[in-house]
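Please report on the fold, the core and the side-chain pairings of this protein chain. Keep it brief.

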Amino acid sequence: MIERPLRDPQDALPAAWCDKCRQEIYHGETRYRWEGQWLCPECFREAIERTSLAQLALELRLDTETV
C-alpha cells in the first residue's frame, strides 16, 4: 500500500481573485458580486461604506418611499 502525504491547504491554488485588489480567494471563502465585479470581503466592505443609502437600498432591492 502506498502512503500518500496529507495535503497542505497552503499549497492549494486559488479558486478566484478579487477583481479590485487581486487578492486570492480560496475554496470555501466568500466573494461578493457588486456593480459587475467580484470582490473580496475587504473590498466589498469598502464599497458598501462608500455607497449612499439610496444606492444600497436599490442594490439590495429594498422598498423605499419619500414621505
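What percentage of the 67 residues of the protein chain count as buried? The share is 18%. This is a predicted model.

**Fold and surface**

The protein chain contains four strands and two helices. Read from the N terminus, the order is β-β-β-β-α-α. Take the contacts in the protein chain with a separation of 6 or more: 9% of them join residues 24 or more positions apart.

**Nonpolar core**

In soluble globular proteins, nonpolar side chains tend to be buried together. Here, the largest nonpolar core holds nine residues. Its members are Ala16, Cys18, Ile25, Trp34, Leu39, Cys40, Cys43, Ala47 and Leu56. Cys18 touches several of them, including Ile25, Leu39, Cys40 and Cys43. Cys18 also touches Gln23 and Trp38. These contacts of Cys18 leave out residues up to four places away in sequence.

**Cysteines**

How many disulfides does a search of the whole structure find? The search returns zero. Cys21 is in no disulfide, and the nearest cysteine sulfur, that of Cys43, is 3.7 Å away. Cys43 is in no disulfide either. For Cys43, the nearest cysteine sulfur belongs to Cys40, at 3.7 Å. Cys21 is partly exposed, with a relative accessible area of 39%. Cys43 counts as buried, at 6%.

**Salt bridge**

Side chains of opposite charge can pair when their charged atoms come close. A search of the whole structure finds one salt bridge. Lys20 and Glu46 form it, with their closest N and O atoms 3.6 Å apart. The pair links distant parts of the chain, 26 residues apart. Lys20 is in the loop between β1 (16-17) and β2 (24-25). Glu46 is in helix α1 (residues 41-50). Is Lys20 buried or partly exposed? Lys20 counts as partly exposed, at 41% relative accessibility. Glu46 is partly exposed too, at 39%.

**Two loop residues**

Asp19 also lies in the loop between β1 and β2. Its relative accessible area is 35%, so Asp19 is partly exposed. Which residues does Asp19 touch, not counting those up to four places away in sequence? They are Gln37 and Trp38. Asp19 and Gln37 are 18 residues apart along the chain, yet their C-alpha atoms are separated by 5.9 Å.

Thr51 sits in the loop between α1 and α2 (53-59). Thr51 counts as buried because its relative accessibility is 15%, under the 20% cut-off. A polar atom of the Thr51 side chain lies 2.5 Å from the backbone oxygen of Ala47. Leaving out residues up to four places away in sequence, Thr51 touches Trp34 and Leu56. Trp34, Ala47 and Leu56 are among the residues of the largest nonpolar core.

**Accessibility at a glance**

| Residue | Relative accessible area | Class |
|---|---|---|
| Lys20 | 41% | partly exposed |
| Glu46 | 39% | partly exposed |
| Cys21 | 39% | partly exposed |
| Asp19 | 35% | partly exposed |
| Thr51 | 15% | buried |
| Cys43 | 6% | buried |

Definitions and conventions
Residues numbered from 1 in each chain as written. Predicted model: local features only at pLDDT ≥ 70, side-chain atom pairs only at ≥ 80, totals over all residues. Heavy atoms only, no water. Salt bridge = Lys/Arg side-chain N within 4 Å of Asp/Glu carboxyl O. Buried < 20%, exposed > 50% of the residue type's maximum accessible area, 1.4 Å probe, protein only. Contact = heavy atoms within 4.5 Å. Polar contact = N/O pair within 3.5 Å; in protein donor to acceptor, adjacent residues only side chain to side chain. Core = buried A, V, L, I, M, F, W, Y, C linked by side-chain atoms within 4.5 Å. Disulfide = S-S within 2.5 Å.
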